[in-house]
Amino acid sequence: MPEIIFTLNGTTVVLEDDGCSLLEGLRDRIGIRSVKDGCSPQGQCGCCTVWVDGTPRVACVTPLARVRGRSVTTVEGLDPALGDEWGDVLCATGGSQCGFCTPGIVMRLEAHRSSAGGALAKHDIDQAMLAHLCRCTGWQTIREAAALVGSVPSLPSRSREAAERRALIEGGSAQEVGPHVALGRVGFADDTAPADALVAVRRTDGEWVVAETLSEARRIAGKVQGRRTTAPLHWPVEVPPGTWHRTLQTTWVEPAYLEPDASWCAPGGEPMSALVNGGAFGGKRHTEVMRVARELADRHGRAVRVLASREDAVRLGPKRPPMAIALRSDGTGIVRVARTSGAPDRIASFAPGVVVEEVDIVGPPTSVDLRAACWAEVAAALCSLGPDDEVRSPGGGWARAHLGPDGTVRVEARGGQILDEVVTRSYCIGAAHMALGWVRQEALSVDDRGDIHDLTIRSFGVLRAVDTPPIEIVLHDDESPPVAVSDAVFAAVAAAAWRSAGHVERWPTARGG
């Protein structure tokens with residue numbers, strides 16, 4: 001087999017040319033785990049961005065053979081002081097939560113900053129981020145971090161324990177907080193797998209293919225790249241007949257977490273959790289990859305990595321249940337929801353004045369595990385009956401939101417003891433960003449057979465940096481026990497965004513059927 005020789009972070013490396021991508025070569029052959037596989041591999045999320053001869057490039061769609069004789073730089077190859085500075089400022093602003101996307105973002109922004117010879121303006125940052133997706137942070141804190149690099153800021157000290165406690169409260173899963181997170185040094189589900197582990201990927205018929213390498217497994221499985229569809233949206237739950245003051249229909253929405261479901265296990269061992277540094281907004285709570293990893297490891301007598309593709313996550317992962325809400329001016333009415341375990345109780349406990357009807361529809365799986373599912377829709381509808389977009393979540397968090405004439409999102413929020421203002425603010429900004437995208441443009445096209453046609457990560461409607469307005473967060477601290485507040489922010493901003501759109505009867509408001 002021919003060899004490929006190139007320079008990696010200043011050192012000459014030699015790899016066999018087996019047809020793999022640069023991403024696979026870096027992660028699986030050399031062990032550089034800071035480059036992440038987010039779109040698996042569609043070249044659309046930016047998580048695997050590296051420099052090739054000093055120019056940013058996504059490694060997942062770059063053949064390894066393309067870098068023969070060239071220079072490749074990952075975040076580990078930055079000047080140590082510069083890398084540390086990026087980690088520091090992203091931690092200080094909350095520009096990195098789970099940290100999955102930020103190593104690639106650092107490489108992109110540093111290339112632009114170096115080319116510009118100094119600090120980047122907001123416009124330049126947003127343009128650079130067109131090649132990236134970040135689901136956690138809402139872009140604003142990344143902008144703030146990028147503006148600090150090179151200015152040698154004096155960063156305040158913080159309690160890591162308090163920061164990680166607030167992150168756990170908001171995300172529902174343990175999360176590390178520190179400069180190392182932004183530089184890809186957490187160790188996500190697939191990052192700690194043994195170098196000699198087998199690799200399992202799913203065939204289109206649902207069976208798992210096991211091979212020595214990821215590229216070989218994908219070839220055997222016959223993986224076909226997902227596509228974005230031009231098929232129209234539809235809203236499967238009909239509004240109840242009657243005379244109503246306010247109605248709302250929603251459709252299927254993808255949680256769009258960046259790290260696809262992954263796990264690994266050694267024979268007889270415990271599988272690696274799919275939730276290593278974040279809760280995936282509830283989307284991975286019942287993932288099968290850990291069970292599959294254990295079964296395959298025991299069957300093959302070797303450690304096995306189980307990797308879901310982006311298409312797997314879309315087709316098989318849970319969605320927000322489609323709903324149809326019909327309210328009278330006094331807040332009573334009917335809420336119809338796609339049949340989903342736990343949905344009627346959740347809606348009824350939040351809004352006892354409504355009648356809940358479950359509807360059987362054909363489509364992808366749905367779940368109430370996703371961020372504020374079912375109650376946030378009802379909260380927005382109830383807000384529309386009055387003058388204020390103010391929400392108290394079932395968990396006790398409170399938020400009030402308003403969209404100004406210039407589009408600026410202004411939020412007040414209260415969730416007991418703040419513990420760490422940076423983390424709390426970052427989660428609130430991220431929730432506001434998600435709510436704006438949800439109301440305005442997030443949706444999936446699903447056909448009459450229940451098959452999803454939007455299979456690329458760019459087709460979900462996640463709001464880009466260039467389309468995200470300024471988000472102002474005012475946090476009210478008190479001595480009561482800390483509770484999650486970002487879900488209340490999510491619901492309040494959704495209500496405000498809907499009000500801004502004139503309470504049109506269908507979400508997303510900016511995408512037609």
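Please keep in mind that the model is predicted. Helix 6 packs against helix 13, helix 12 is mostly covered, and the structure holds five aromatic pairs.

**Helix 6 against helix 13**

- Helix 6 (residues 160–171) and helix 13 (residues 421–440) pack with their axes 8 Å apart, at an angle of about 25°.
- Because angles under 35 degrees count as roughly parallel, helix 6 is roughly parallel to helix 13.

**Threonine 141**

- You will find threonine 141 in helix 5, which spans residues 140–148.
- Threonine 141 has a relative accessibility of 0%, so it counts as buried.
- Setting aside neighbours within four places in sequence, threonine 141 is in contact with Thr93, Gly94 and Gly95, and also with Arg425, Ser426 and Ile429.

**Helix 12 and its tryptophan**

- Helix 12 covers residues 375–383, and eight of its nine residues are buried.
- Among the buried residues of helix 12 are Trp375, Glu377, Val378 and Cys383.
- Tryptophan 375 counts as buried because its relative accessibility is 5%.

- Among the five aromatic pairs is the one between phenylalanine 100 and phenylalanine 188, which is edge-to-face, with 5.1 Å centre to centre and 90° between the planes.
- Phenylalanine 100 sits in the loop between helix 2 (80–93) and helix 3 (102–116), and phenylalanine 188 in the loop between helix 7 (179–182) and strand 6 (198–202), so their pair ties together parts that are 88 residues apart in sequence.
- Phenylalanine 100 is buried at 4% relative accessibility, and phenylalanine 188 is buried with a relative accessible area of 3%.
- Phenylalanine 350 and tryptophan 375 form a tilted pair, 5.3 Å centre to centre and 40° between the planes.
- Since phenylalanine 350 belongs to helix 11 (residues 343–350) and tryptophan 375 to helix 12, this pair ties together parts that are 25 residues apart in sequence.
- Trp438, Phe490, Trp498 and Trp507 come together as one aromatic cluster.

Technical notes:
Residues numbered from 1 in each chain as written. Predicted model: local features only at pLDDT ≥ 70, side-chain atom pairs only at ≥ 80, totals over all residues. Heavy atoms only, no water. Axes fitted to C-alpha atoms, helices over the stretch in contact; angles between N-to-C directions. Helix = DSSP H or I, 4+ residues; strand = E, 2+ residues; numbered from the N terminus. Parallel < 35°, antiparallel > 145°, perpendicular 65-115°, else oblique. Buried < 20%, exposed > 50% of the residue type's maximum accessible area, 1.4 Å probe, protein only. Contact = heavy atoms within 4.5 Å. Phe/Tyr/Trp six-rings, centres within 6.5 Å; stacked < 30°, edge-to-face > 60°.
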